[in-house]
Amino acid sequence: MASRTPRPTPVTPTTPCPCGLPKAYGECCGRFHSGAAAAPTAEVLMRSRYAAFVVGDVAYLLKSWHPSTRPAQLDLDPDMRWTGLEILDRSDGSAFHDRGTVTFRASYRGGELCERSRFERVGGEWVYVDGEFLD
């Protein structure tokens, strides 16, 4: 089956960031997606990865994935429409840690998912390791 190209949600540097923080995309997750900056905490990386799912940035998702758990490729569902993100809990993951977890609820048209994600630093930058789906 041929992979379909995702239809990303349109965002510009001045539109609100999909991650839910009160900043424009260009000042928030857009700078991580472009490589202009690295996420300073596990939570900020998690938010930037959510925003990457929203805008269809597969390259960023793969780049921000731990090398030991990263898939060879990532095919996003072109019909998925993410609608919101809520951080439920966080543990460690600050500038003073090498590991952290973030528990979140991500809403999409027709449902939601909850996950406890694990993050680690690799080469000084936060990366997503894996996650556990929660009920």
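**Strands side by side**

Trainee: Which residue in β3 does Arg105 stand opposite?

Mentor: Arg105 stands opposite Cys114 in β3. Keep in mind that this is a predicted model.

Trainee: How do you know that β2 and strand β3 pair?

Mentor: Pairing asks for at least two bridges between two strands. β2 and β3 (residues 111–122) have ten bridges, in the antiparallel sense, so by that cut-off they pair.

Trainee: What lies between β2 and β3 in their hairpin?

Mentor: Two residues sit there, and Gly110 in the turn has a positive phi of about 100°. The hairpin of β1 and β2 has six residues between the strands, with Gly93 at a positive phi near 80°.

Trainee: Why is Thr103 counted as buried?

Mentor: Buried means under 20% relative accessible area. Thr103 has 9% relative accessibility, so it counts as buried. This residue of strand β2 touches several others, among them Ile87, Leu88 and Leu134.

Trainee: What order do the four strands of the open sheet have?

Mentor: The order is β1-β2-β3-β4, with antiparallel pairing.

Trainee: Why do β1 and β4 stand at the edges?

Mentor: Each has a single partner strand, so one side of each is left without a neighbour in the sheet. From one strand to the next, the twist averages 25°. Helix α2 (residues 42–55) packs on the sheet, touching β1, β2, β3 and β4.

Definitions and conventions: Residues are numbered from 1 along each chain as its sequence is written. This is a predicted model: local features need pLDDT of at least 70, side-chain atom pairs count only at pLDDT 80 or more; totals for chains, interfaces and linings use all residues. Side-chain values use heavy atoms; hydrogens and water are left out. Buried means under 20% relative accessible area, exposed over 50%, partly exposed in between (1.4 Å probe, protein chains only). Contact means heavy atoms within 4.5 Å. Axes are lines fitted to C-alpha atoms, for helices over the stretch in contact, and angles run from 0 to 180 degrees between N-to-C directions. Lists of a residue's contacts leave out its neighbours within four places in sequence.
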